[in-house]
Amino acid sequence: MSSSPPVLRIDGLVDQALDLTPADLEALPADHQVPDVSRLVPGRKGDGVRLRPVLERAGIAPSANYLTLHADRDDFHVSVPLESVIDQAILIYRHEGKPLEVSAGGPIRMIIQDPTACRAGELDDCANVKYLSRLELEERKGRDTRPHDDAEHEALHARQAAEAARGGDSHA
Ligand SMILES: Nc1nc2c(c(=O)[nH]1)N[C@H]1C(S)=C(S)[C@@H](COP(=O)(O)O)O[C@H]1N2
Ligand SMILES: [Mo]
């Protein structure tokens, strides 16, 4: 049985909304690609593409000030100032020639090159959104469900660990 490929939607304050598959990301020019992200961000695996050229394919409207990252899979959302993130993030879409697994945050995961510790700023570890499904450009800060305190943060990580233990790749 074949299923349709995963799609990353780019919309909001753009010239033209786009739906990009991992194959579309892979097809972007070589100088935008980041093969083996571990060379740039130690401890991370896979191949990715820089965020800016992906957003520029949709055409960034001058009024766009914030980027909101949506993960429909677990209803997780992060909204950060566009200028702070646009040249600091990579979208990972492949690992060892295969689609990035859900257990690694796939099929598409964003990572920030030099994140701060969780809750120590806008571009923190918590903003490394897994199962990225939509990039929304907005004028003002949008939806952000990052944890606010230690208890919330711990609960979120427990949910993530439980999900991973269940086998994140099952579609049940
Ligand atoms: N979709 C989604 N992305 C997410 C989360 C989440 O719960 N859902 N947790 C965030 C938080 S709080 C952290 S600290 C990092 C943890 O990912 P890592 O273990 O790969 O660093 O993922 C972030 N990305
Ligand atoms: Mo976090």
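Strands here are DSSP runs of E of at least two residues, numbered from the N terminus. Everything below comes from a predicted model.

View 1. Asp36 turns up in the loop between β3 (33–34) and β4 (47–50). It isn't a glycine, yet its phi is positive, at about 55 degrees.

**View 2. Glu96, in the loop between β7 (89–95) and β8.** Here's another non-glycine residue with a positive phi, this one near 50 degrees. Glu96 is exposed, and its relative accessible area is 65%.

View 3. You'll find Pro107 in the loop between β8 (98–99) and β9 (109–112).

View 4. Look for ligand 1 in the second largest pocket. There are 16 residues around it, and the ones that come nearest are Arg44, Asp74, Arg109, Asn128 and Lys130. An N or O atom in the side chain of Asp74 is 2.7 Å from a nitrogen atom of ligand 1. With Asn128, a polar backbone atom is 2.9 Å from a ligand nitrogen, while for Lys130 a backbone N or O atom lies 3.0 Å from a nitrogen atom of the ligand. Taken alone, ligand 1 exposes 530 Å², and the protein buries 86% of that.

**View 5. The shell around ligand 1.** Helix α4 (residues 150–166) supplies the largest share of this shell, with 4 residues. By type, the shell splits into 7 nonpolar, 4 polar and 5 charged residues.

Conventions. Residues numbered from 1 in each chain as written. Chains lettered and ligands numbered in written order. Predicted model: local features only at pLDDT ≥ 70, side-chain atom pairs only at ≥ 80, totals over all residues. Heavy atoms only, no water. Near = heavy atom within 4 Å. Polar contact = N/O pair within 3.5 Å; in protein donor to acceptor, adjacent residues only side chain to side chain. Areas by Shrake-Rupley, 256 points an atom, 1.4 Å probe, with all protein chains shown as cover. 1 Å grid on protein atoms, 1.4 Å probe; cavity = no way out; pocket = protein on both sides within 12 Å on 5 of 7 lines; lining within 4 Å. Sits in = over half its atoms within 2 Å of the grid points. Nonpolar A, V, L, I, M, F, W, Y, C, P; charged D, E, K, R; others polar. Buried < 20%, exposed > 50% of the residue type's maximum accessible area, 1.4 Å probe, protein only.
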